[in-house]
Amino acid sequence: MTQTPLNQSIFRLVAGLVILTALTTFINVWIATDEQTREKLERDLSIAENVLQRVLQSREDLLYISASVLTADFGFKQAVASSDKGTIDSALFNHGQRINADLMALVSLTGSSITSVPAALKMDQEFPYPQAIESVIKNGGYTSLMMLNKQLYQVIMLTVDAPTPIAIALVGFKLGDPILAQLKDITKLETTLQVYSRQNEIFKISTLPAPLVEQALAQINERPSWLSITITQDTPYVSQQFTLSDALEHQTIITLSEDAQLLFADFNSLQFSITALGIIVILLATFLAALFSRRISKPLVVLADIAKRIAVGDYTKDAVVETKTTEVSLLSKAFSKMQSNVQTREEKIIFQARHDVLTSLYNRQHVETLLEQKFNDNDNFVAIGINIFGFRGINDVFGYHNGDRCLEELAQRLSKFDGIAARLTGGELLWIPSQQPSQESIESIKSTLEAPINAIDVIINIKVALGLIYCPKDANNAEQVFKRLNIVLDEAQITRRFVLAFDSRLEERYSRRLSIITELKNTLDHRQEELSLNYQPKLDIQEGKVTHVEALIRWTNTSLGFVSPEDFIAVAEQAGFIEAITHWVINRAIKDAAIFRDAEVDVSIAINLSAKDIMNPTLLPRVLELLKANNLNTQCLSFEITEGDLVKDHNKAITHLQAFRDNGFEIAIDDFGTGYSSMAYLQNLPVNTLKVDKSFVLNLHENQGDQKIVKTVISLAHSFDMNVVAEGIENIQALTLLAQWGCELAQGYYICKPTSADKLISWYKDNLTTKWL
């Protein structure tokens, strides 16, 4: 590519801009002047048209006054009545002289000409426009333009009444050259008058010479261009036409024409002046541009080099250039300031592009780049995902500002350790230590991260889950790292194993959980027939009969087959489907309770509730409404809630559980002994039953430790007036021990496996007289 010296480029630029400016000015002035000229033309033609209309109207008014005076004259009426032609002619002549009328005539009511002055109408000749005669007789008068004796007249016709009409008087002014000349003097426009009959021209007069009339008529409604006026000169006139009259089978047309050369004379003069001035300015500007370009070319070359360095991010050299030109000196200083500002903004933008706004740790995008770099360098490293356990609960309980405070504090603690730290999502962080830490150091780091956080007016105790990905063994790219961190942290949250390394089996379980979520949602929305309830009896040990059953949900999916409740209930709680499942279970259980009642199966159905269900204020009214609709009392249902769920929000749990108790429902704590509760804590809860976890009962007949625990729980429960349910009864020995210790209810395979509602009815009736002990 050919290079052009800077001074030539500047010269061309300045000269080009000046030429462009001059041309732009010339075009704008031309457009504006041309527009003004056209507007003047429109205005002149419009004014001329109005003047013509006013002149004709004035003449018409004069005709009307004159005709009215004539027809009102008594002597004239007497002459008409007596058919005194001499008197009539004298009256017409004298009246016409007074008003300078061009035609005075008298016509009979039958349309025959009586007389005219001058003799434009022959005596006894039929009037050429019978429709005019009819209009006069009907309306008393008529005015129009008429062709009479090959001459155009402006005519008014009135009846001569004595007192009824006896004749018609006609007064007319000739429309000829004198009136057109008069109009030209007023409007300064050439005027052409034409009369057409059945599209054939029968009359024409004009103020223009005969050779120019056709040229003017050819330009009707045409707007001349600047080229046609100044160069080709093929548009001598600009014309506008309008219809003056269209009556009596005659169309009278007026054409107004203006001399185009005179109209555009000032415009052409102005254009010439502007053109000459523009040429002078262009020549002067190009000369000055040449001088200017030479003067600033050298410093501009230096500034151009500086700009190139800044463009590639080189900010090491000073951007100040020595020059005697003030403007170039200012430009040089501006370059220096620009270099400094660009450097500062670039550093800020790079920081913002790479770091999280809240924590100032690396963001996900940048840490992905760093991970890929490590993989490309074949590094062996461990990626540790850090998740605040129950972070959503912290936001809900303490507010989002305190949740952000927890993240900020956790990020500060993490940034003190060697390595790379980043924030991946809401409450999930990533730490890549410089060296692989030992298990002991990981536990120590976890303890440091879990130190209480001082927020606004509150101290927040947090617990974190750590997921470990050993690279490249567990992952060989950044995408796999992020995916498997999600898997291992999800597993840690579910299993409460707060330090967990990745294993391929975790990914299989994660995939299955995802499948369970998808299929469970479809089932709840569209295929609820896949769900069913089984019932496991609870034996009243003292009375020897079944008084309670536990409702156990079952799900057999078309794609996944049978899915254990232990698998899909936990997933449902995590995915937010548990309320929908609870609603289905309650609806089904209440329908089955009505069936049990009708079959005389006297049992209370226990339904398992999650903590989210208990905290839902709409659940209890819904249950009461369904019971009422099925004509059932509250004794046919009872509820079980897991011990660990109650500990999360003690006060709120008490309030909601008390509402259930006040309405007559039994409340049991499920899986007692596996959580954190104490009897002192439980005595404040409005519950009346403890359900001993089956892990303490399965080997009760041979494990003395389990025997001590169960016996103690039963004793303590009784001291608080609570009943006890033992689940996991597999043999007669365990049932015998529980009976000896005073346990109220027993549940397990020894008594009956979970079964469908219809089979339960049969089993219940078959075992009414069974001796269990």
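This is a predicted model: local features need pLDDT of at least 70, side-chain atom pairs count only at pLDDT 80 or more; totals for chains, interfaces and linings use all residues.

Analyst: The protein chain exposes about 40,000 Å², an area that comes from the Shrake-Rupley method with a 1.4 Å probe, where for residues only the protein chains shown count as cover. Residues are numbered from 1 along each chain as its sequence is written, and side-chain values use heavy atoms, with hydrogens and water left out.

Now the interior. Of the 773 residues in the protein chain, 47% are buried; buried means under 20% relative accessible area, exposed over 50%, and partly exposed in between, with a 1.4 Å probe and protein chains only. In soluble globular proteins, nonpolar side chains tend to be buried together. A nonpolar core is a set of buried Ala, Val, Leu, Ile, Met, Phe, Trp, Tyr and Cys residues joined through side-chain atoms within 4.5 Å.

The largest nonpolar core has 82 residues. The members that touch the most other members are Tyr535, Phe596, Ile605, Ile607, Leu637, Phe639 and Leu738. Helix H18 (residues 578–598) gives the most to this core, with 10 residues. Helices (H or I, at least four residues) and strands (E, at least two) are DSSP runs, numbered from the N terminus; the protein chain has 26 helices and 25 strands.

Take Leu738 as an example. Leaving aside its neighbours within four places in sequence, Leu738 is in contact (heavy atoms within 4.5 Å) with Ile541, Leu700, Val710, Ile714, Ala726, Ile729 and Cys743. Across the protein chain, among contacts between residues at least 6 apart in sequence, 63% join residues at least 24 apart.

In strand E2 (residues 113–117), 4 of the 5 residues are buried, so the strand is largely enclosed by the rest of the structure. Strand E1 (residues 103–107) pairs with E2 in the antiparallel sense over 4 bridges; two strands pair if DSSP finds at least two bridges between them. Within this pair, Ala105 stands opposite Ser116 in E2. E1 and E2 form a hairpin with 5 residues between them, and Gly111 in the turn has a positive phi of about 95°.
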